[in-house]
Amino acid sequence: MEITLINSEHLSYESLPYGFGVIISALKKSNIKPFIIDYNFLRRFGNLEITFSTNEINKFLYSNILSERMIFFFEKISKEISTKIVCFSCFSFESLKQSLILAKYIKKLDSKKIIVFGGIGTFNHEHSLMKEFTFIDFIIMRKSEQQLCELINLLYENKDFSKISNLVYRNSNKHIRSNKLATYNIESQSSPDYDFYFDIKKDWDIQYMTSDGCVNKCAF
Ligand code: B12
């Protein structure tokens with residue numbers, strides 16, 4: 001099984017995307033091969049460098065108007081995406097915006113493509129994103145590498161996915177449903193898989209997650 005996995009966050013830091021690496025690792029453990037596209041390394045697909053302005057993004061999302069730059073980028077990148085399932089990892093609102101436009105374009109080219117969104121950039125907006133942007137087929141909430149693997153397996157087998165925890169989907173009446181959240185066991189988290197990045201360069205700073213929680217100091 002092969003899927004496309006896209007990281008649209010521009011990291012100005014010399015570090016690797018931790019959560020994205022965890023997703024890659026979990027997929028590989030489930031025998032799902034991710035074809036990885038990372039916006040920080042688009043040059044491997046030609047002379048591609050992109051950060052689209054909010055103005056350009058909104059014009060395409062809400063009025064279907066594509067700028068020249070967008071056409072150039074989309075035409076090149078969409079040729080690389082041959083899998084039926086295309087997953088977007090959204091680390092922040094910024095990467096969410098960049099992901100939305102590519103997802104919309106891909107779905108316009110081929111309505112059979114299955115678009116899955118995830119990552120903290122979708123946090124708390126899952127329902128409204130599904131409502132507003134009908135080209136998104138699924139959003140999986142929170143830390144959800146296991147659920148993503150489950151969804152991909154069930155989609156490939158043409159089986160019922162409606163019981164998967166953390167899943168936001170449309171039922172047969174096109175109503176948006178948000179399933180219950182499962183508790184996340186940090187002990188079961190795979191170490192991130194960075195093979196894709198080590199193929200590009202050897203000396204990266206590596207992140208490691210030692211605990212989970214909030215950085216703020218709330219009293220409750
Ligand atoms: C560590 C961290 C960083 C590190 C990243 C280190 C690294 N190499 O990965 C650094 C310091 C680089 C960083 C930078 C920034 N950060 Co920061 N960061 C975090 C923090 C504290 C933890 C992220 C993390 O690693 N979590 C652990 C992993 C395991 O979880 P995860 O990343 O969420 O990934 C899981 C899920 O999201 C899901 N998932 C991920 N992708 C996908 C894809 C699919 C298809 C599916 C189904 C699921 C899925 O499964 C993953 C594995 O369990 C979060 C706060 C938080 N609690 O999430 C803020 C947070 C993500 N950062 C934030 C921001 C704003 C930024 C910056 C934009 C700040 C800035 N102005 O520069 C930059 C962005 C990067 C850039 N362009 O430079 C915001 C994003 C808010 C938003 N909605 O926009 C957060 C939420 C903090 C906050 N509350 O404000 N950050």
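**View A. Asn179 in its loop.** Asn179 sits in the loop that joins strand 7 (176–178) to helix 7 (195–198). Helices here are DSSP runs of H or I with at least four residues, strands are runs of E with at least two, and both are numbered from the N terminus. What you see is a predicted model, in which local features need pLDDT of at least 70 and side-chain atom pairs count only at pLDDT 80 or more, while totals for chains, interfaces and linings use all residues. Residues are numbered from 1 along each chain, as its sequence is written. Is Asn179 buried, partly exposed or exposed? Asn179 is partly exposed, because 17 other C-beta atoms lie within 10 Å; 20 or more would count as buried, 12 or fewer as exposed, and anything in between as partly exposed, with C-beta atoms placed from the backbone. Leaving out residues up to four places away in sequence, Asn179 touches Ile164, Ser165, Asn166 and Leu167. Two residues are in contact here if their C-beta atoms, placed from the backbone, lie within 7 Å. For a sense of scale, the C-alpha atoms of Asn179 and Phe20 are separated by 23 Å, and the two residues are 159 residues apart along the chain.

**View B. Helix 1 meets helix 6.** Two packed helices are described by the angle between their axes and the distance between the axes. Helix 1 (residues 18–29) and helix 6 (residues 145–156) pack at about 45 degrees, with axes 9 Å apart. That angle makes helix 1 oblique to helix 6. Axes are lines fitted to C-alpha atoms, for helices over the stretch in contact, and angles run from 0 to 180 degrees between N-to-C directions. Under 35 degrees counts as roughly parallel, over 145 as roughly antiparallel, 65 to 115 as roughly perpendicular, and the rest as oblique. Look for Val22, Ile23, Ala26 and Leu27 on helix 1, which make the contact with Glu145, Gln146, Leu148 and Cys149 on helix 6. By class, this contact of helix 1 with helix 6 holds six nonpolar, one polar and one charged residues. Ala, Val, Leu, Ile, Met, Phe, Trp, Tyr, Cys and Pro count as nonpolar, Asp, Glu, Lys and Arg as charged, and the others, Gly among them, as polar.

**View C. The shell around the ligand.** Which residues come nearest to the ligand? Of the 30 residues around the ligand, they are Gly19, Ser89, Ser92, Gly118 and Lys143. A residue belongs near a molecule if its C-beta atom, placed from the backbone, lies within 6 Å of it. Helix 1, strand 3 (85–89), strand 4 (114–118) and helix 6 each supply at least two residues of this shell. Helix 1 gives the most, with five residues. The shell divides into 16 nonpolar, eleven polar and three charged residues.

**View D. Two loop residues with positive phi.** Arg142 has a positive phi of about 60 degrees although it is not a glycine. Arg142 lies in the loop between strand 5 (138–140) and helix 6, and counts as partly exposed with 16 C-beta neighbours inside 10 Å. Asn158, also not a glycine, has a positive phi near 60 degrees. Asn158 lies in the loop between helix 6 and strand 6 (167–170), and with 7 C-beta neighbours inside 10 Å, Asn158 counts as exposed.
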